Amino acid sequence: MLRTSLIVILALLGNIGLQAQEFSGGFRAGLNFTTINGPSEMNADGAELENFDFSNGFHVGAVGNLRFTDIFSLRAELLYSQKGGVYNYAGESYWVFTPTDGSDAFFATGNRETTLEITNSYIDIPITGVARFNKFELSAGMSVGFLVASRAAGELRFSGTSPQGNTIAPFVTALDFNYFDGPFRREDIGEVELREIDNRPVEIPKNLGAYYQGQEEDENLFNVIDVGLVGGVAYYLNRGLFLGLRLNYGISDVTRSNQDISRRALEDSGEYIFRDDDDQNLNIQVSVGFSF
């Protein structure tokens, strides 16, 4: 009887609670200021060789609110959101040359300078608890994102020394990456510059795809799922129109180790060195929205 009474009471309370809830919808859109946090490669002296700067993107999507009281509500959103950052590398590095005469590949050591703006597009689903105090609103919760597009563009400059000690004059290569495009094979390189290094003919590409010098397997560099913490504040200009500022900090690694390759050095055998580190998205959102 006690168990039955408890079940009935809980059912009645749940029914009352559901009747007391109020659902409303809305939308939000705005700018993203985004970067990727992670450890940098170091040179022999312990100085950083790489870093990420902030880049710009945007977000847009729908908002659903489930209000429990005049102050507290639960919010779910469905957003298209661009994340990423500007990757910079400057310092000691290598370049792998594949001779056109069929002889074995060889690598040169030297200096690499890379600037690459990465744009990863996600479908984000933030779930937050919201507390509203008159015109101000505080929110916090979690978000899960699903990667739907991943591109990057930039430029690479390399100069160095061949295995026989000959100077390799600087060359510049344009970077146009689609990380979803064929990671299991070497990209077509299009237009090339012909050179002879250590008496062997080589092609230096004038533009490169994402996996030209990378592991040839069927996986992308970036993980499909991104999980993060969300916290923000909003100010309501009237009953429904608001301005918002929000931080989305990733807690999952956005890169796969078997495609995250060191650009500083190779193994003594000439094989790639893979980096087993965590890289997280950091996204600051400035929004304007309306809640019906």
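A residue counts as buried under 20% relative accessible area, as exposed over 50% and as partly exposed in between (1.4 Å probe, protein chains only). With that in hand, let us walk through the protein. This is a predicted model, in which local features need pLDDT of at least 70, side-chain atom pairs count only at pLDDT 80 or more, and totals for chains, interfaces and linings use all residues. Residues are numbered from 1 along each chain as its sequence is written, and side-chain values use heavy atoms, leaving out hydrogens and water.

The protein has 1 helix and 13 strands (DSSP runs, H or I of at least four residues for helices and E of at least two for strands, numbered from the N terminus). Of its 292 residues, 43% are buried.

Now to the rings. Rings of Phe, Tyr and Trp (its six-membered ring) pair if their centres lie within 6.5 Å; planes under 30 degrees apart are stacked, over 60 edge-to-face and the rest tilted. The count comes to 13 aromatic pairs. Phe52 and Tyr87 form a tilted pair because their centres are 5.4 Å apart and their planes stand at 55 degrees. Phe52 lies in strand β2 (residues 50-53) and Tyr87 in strand β4 (residues 72-97), so this pair ties together parts 35 residues apart in sequence. Phe52 is partly exposed, at 27% relative accessible area, whereas Tyr87 is buried at 14%.

Strand β4 also holds Tyr80, which pairs with Phe58 of strand β3 (residues 55-67), 22 residues away. The Phe58 and Tyr80 pair is tilted too, with 5.6 Å between centres and 40 degrees between planes. Elsewhere, ring pairs link Phe177, Tyr179, Tyr211 and Phe222 into a cluster.
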